[in-house]
Amino acid sequence: MIEVEHLSKYYGNFMAIEDISFKVEKGEILGFLGPNGAGKTTTMRILTGYMPPTSGTARIAGYDIFFDSLKARREIGYLPESNPLYGDMSVRALLEFFGKLRGLDKKYLKRRISEVIEKMRLEEYAETDINKMSKGFRQRVGVAQAILHEPAVLILDEPTIGIDPVQVVETRQIIKELGKEHTIILSTHILPEVSMVCQKVIIVNEGHLIAADRPENLSIGISGQDKIKAVVRGPMREVAAALRDLNGVETVDYESTGVDGTARFNVSARINRDIREDLSKLIVNRGWGLLEMQPVGLSLEDVFVKLTTKEEI
Ligand SMILES: Nc1ncnc2c1ncn2[C@@H]1O[C@H](COP(=O)(O)OP(=O)(O)O)[C@@H](O)[C@H]1O
Ligand SMILES: [Mg+2]
């Protein structure tokens, strides 16, 4: 439903995104995860036709976003990051305004306004002015506007940012429901949101796509290769120093087990580097005893922090 191929965008000399490719299948909710400045908004603006990329292509529902831009846009509903709405209009008036702007048929528009107001649980606020509503409710109006013309694809740029916790819960529920009828890209810098709402996740950092998988695989796929707990019999400080010298090892800490001469070591290594074999060889070669070795799975949170820290991956 969404195919993105080798997208790059430069603002002058500044690289905002580089060589971003991914696919979203029909009916999927894709989490577009990355810290501030990663390039999420830039990518979304390109996909929605608000801005051309420097290079690369994208197709929405089979339509090229440039060569078939009108048809592509017809299939897109977009909630921009800033969610620009006219504060002195009521929800209903605003939806009418956006609908007319889109050239929707009068009768169809009338029916759709009732439907989206119900779907976004805005019934009580239909006649309320936008500027009297909380941020959470305004976001819902933004989503209502985005789904008005029944697009196949929804692009939601940080829909839960800056809204209160109760609203966040409800907004996530609404997005999940919308996922039954739309293919969705949802950007966020909040990790748990991805596990809660999305079937697939891509992680971007400093303009580069650094991981793409299902949320649960993202943690399982690299577990066991990254953090290791080991119980070693040997001189603690010497053992720790030797472990730190192992290729790929980032941090080592340890504590005595209480049993004479043995200590429990927590070794963390660079992502995707399995150090278990090197570690066991080292211990044996030095004449120490390896009593236990156990890989520790990473949570999605660990993965995110690891992948997006500035250090070399
Ligand atoms: N219009 C612009 N001109 C120059 N730099 C920009 C512009 N828009 C965004 N950037 C820069 O591009 C990078 C990516 O920004 P953005 O796509 O907004 O990231 P995100 O949405 O992930 O926070 C940031 O470093 C940002 O400062
Ligand atoms: Mg952004």
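Select β11 (residues 227-233) and β14: they pair antiparallel over 7 bridges. Strands count as paired when DSSP finds at least two bridges between them. Helices (H or I, at least four residues) and strands (E, at least two) are DSSP runs, numbered from the N terminus.

The model is predicted: local features need pLDDT of at least 70, side-chain atom pairs count only at pLDDT 80 or more, and totals for chains, interfaces and linings use all residues. Residues are numbered from 1 along each chain as its sequence is written, while chains are lettered from A and ligands numbered from 1 in the order in which they are written.

Stay on this pair. V232 stands opposite L290 in β14.

Now show the whole sheet. It is open, has 4 strands and runs β12-β13-β11-β14, with antiparallel pairing. Its edges are β12 (249-256) and β14 (289-296), each pairing on one side only. From one strand to the next, the twist averages 20 degrees.

Contact means C-beta atoms, placed from the backbone, within 7 Å. Axes are lines fitted to C-alpha atoms, for helices over the stretch in contact; angles run from 0 to 180 degrees between N-to-C directions. Helix α10 (residues 276-285) lies across β11, β13 and β14, at about 165 degrees to β14.

Last stop: ligand 1. Select Y11, F14, A16, G34, N36, G37, A38, G39, K40, T41 and T42 around it (C-beta atom, placed from the backbone, within 6 Å). Elements giving two or more residues are β2 (14-24) and α1 (40-47). The largest share, 3 residues, comes from α1.

Conventions:
Contact = placed C-beta atoms within 7 Å.
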